[in-house]
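Here is a short briefing to read alongside the structure.

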Amino acid sequence: MRRYGKHTDEDDVRVRPNRKGNRPRTNIRPKHEDAAEGFVLTIDRGRLTVLVEDRTITAMKARELGRKGVVVGDRVAVVGDLSGDKDTLARIVRVEKRSSVLRRTADDDDPYERVVVANADRLAIVTALADPEPRPRLIDRCLVAAFDAGLEPLLVLTKSDLAPAEEMLKTYEPLGIPFVVTSRDELADGDAADRVRERLTDRITVFVGHSGVGKTTLVNALVPDHQRATGRVNAVTGRGRHTTTSALALPLPDTKGWVIDTPGVRSFGLHHVDPARVINAFPDLEPGTEGCPRACSHDEPDCALDQWVADGHAEPARLYSLRRLLATRERREGD
């Protein structure tokens with residue numbers, strides 16, 4: 001039954017009074033055209049430290065962002081109190097389009113994707129030559145993630161005073177990846193930091209490595225004004241202790257570059273990477289796939305990569321690393 005006649009006007013429509021006296025709800029959201037531009041430096045328990053012009057402010061996500069995540073390296077739009085004074089709080093109302101996203105999962109069978117950083121240009125993979133022992137397969141996994149995200153890799157080998165770097169460099173030489181070798185004495189006198197800094201100028205570089213490799217020590221040498229806590233390697237397990245608990249972006253002195261220090265990782269899952277793209281991280285092997293049969297898994301009797309390696313175009317260790325990664329991926333797909 002119709003409550004009103006066929007021809008009604010506004011005076012005939014009942015309007016329920018707003019007892020709270022506030023404005024009625026609307027689906028129209030403000031555009032925040034006057035919002036300031038910011039750069040996310042770090043995140044701690046839901047509070048984000050954001051660089052706005054020449055000052056840092058504390059902000060939180062606006063409700064209108066919903067479940068959209070904000071990570072270190074994001075360029076954001078900020079409104080509210082932008083003074084940076086103590087006990088002030090601004091709101092992040094928009095996350096700008098990202099130029100790159102570095103992702104990882106806890107394991108290959110973990111579907112939950114974690115964004116490490118956004119808008120980085122280069123991935124510095126830091127590994128010690130000894131104490132703890134190097135983990136080449138972790139390096140390979142980081143390379144896969146770097147190529148997948150469109151980041152330029154940089155290999156940083158630390159603690160060369162404890163073990164030579166030649167064997168490790170020989171393994172990765174066919175990839176053409178730039179590298180820097182450092183020792184603890186060179187870090188102390190600043191020579192190592194200067195050589196690394198040359199590779200980082202005018203770039204946003206994220207540092208990744210497992211605990212104890214000297215990653216945060218190197219970052220402290222690059223940015224002396226911001227000293228982060230460092231730890232020692234456990235003599236029993238041979239592993240480092242987590243001292244960096246959150247990612248932090250720091251400006252390189254006297255340059256336009258940025259370094260982003262991240263917590264040490266024990267694993268670097270590649271659930272988010274299409275197995276067909278894994279070969280892109282092995283440019284020394286990729287040309288050899290031209291002779292592979294259609295839909296080749298690169299781990300079967302007719303794979304052309306075996307002959308490619310036998311002819312001396314790539315190191316056998318590289319093919320072993322590729323197949324180990326692909327085998328891990330295939331086990332996940334079959335579960």
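His298 sits in the loop that runs between strand 13 (258–261) and helix 6 (305–310). Please keep in mind that this is a predicted model. The chain averages a pLDDT of 84, and 83% of the residues score at least 70. Over residues 233–242 the pLDDT is below 50, and this stretch has 21 contacts in the model beyond near neighbours in sequence. Residues 331–335 also have a pLDDT below 50, with four contacts beyond near neighbours in sequence.

Backbone features to look at:

- His298 has a positive phi of about 65 degrees, although it is not a glycine. With a relative accessible area of 13%, His298 is buried, because buried means under 20%.
- Asp202 is not a glycine either, and its phi is positive at about 65 degrees. You will find Asp202 in the loop between helix 4 (191–200) and strand 11 (204–208). Its relative accessibility of 53% makes Asp202 count as exposed.
- The peptide bond that joins Asp131 and Pro132 is cis, with omega at about 5 degrees. Pro132 belongs to the loop between strand 8 (122–128) and helix 1.

- Helix 1 covers residues 136–149, and its 14 residues should span 20 Å at 1.5 Å a residue; the end C-alpha atoms are 20 Å apart, which agrees.
- This helix is mostly covered, with 10 of its 14 residues buried. Among the buried ones are Leu138, Asp140, Cys142, Val144 and Ala149.
- Just after helix 1 comes Gly150, which takes a positive phi of about 80 degrees.
- Ser100, in the loop between strand 5 (90–95) and strand 6 (101–104), has Ala149 and Leu151 among the residues it touches. The side chain of Ser100 also reaches the backbone oxygen of Ala120 at 2.6 Å. Ser100 counts as buried, at 8% relative accessibility.

Salt bridges:

- The structure holds 17 salt bridges.
- One of them pairs Arg318 with Asp140, their closest N and O atoms being 2.9 Å apart. Arg318 lies in helix 7 (residues 316–334) and Asp140 in helix 1, so this pair ties together parts that are 178 residues apart in sequence. Both Arg318 and Asp140 are buried.
- Arg318 forms a salt bridge with Asp284 as well, where the closest N and O atoms are 3.7 Å apart. Asp284 lies in the loop between strand 13 and helix 6, so its pairing with Arg318 in helix 7 ties together parts that are 34 residues apart in sequence. The relative accessible area of Arg318 is 1%, which makes it buried, and Asp284 counts as buried at 7%.
- Asp261 and Lys215 meet through their side chains in a salt bridge of 3.2 Å, N to O. That pair links distant parts of the chain, with Asp261 in strand 13 and Lys215 in helix 5 (residues 215–222), 46 residues apart. Asp261 is buried, and Lys215 is too.

Cysteines:

- How many disulfides does the count come to? The count is zero.
- Cys292 is in no disulfide, and the nearest cysteine sulfur, that of Cys303, is 3.9 Å away.
- Cys292 counts as buried at 15% relative accessibility, and Cys142 counts as buried at 1%.

Terms used. Residues numbered from 1 in each chain as written. Heavy atoms only, no water. Helix = DSSP H or I, 4+ residues; strand = E, 2+ residues; numbered from the N terminus. Expected span 1.5 Å × (residues − 1). Buried < 20%, exposed > 50% of the residue type's maximum accessible area, 1.4 Å probe, protein only. Polar contact = N/O pair within 3.5 Å; in protein donor to acceptor, adjacent residues only side chain to side chain. Contact = heavy atoms within 4.5 Å. pLDDT = per-residue confidence, 0-100. Disulfide = S-S within 2.5 Å. Salt bridge = Lys/Arg side-chain N within 4 Å of Asp/Glu carboxyl O. Lists of a residue's contacts leave out its neighbours within four places in sequence.
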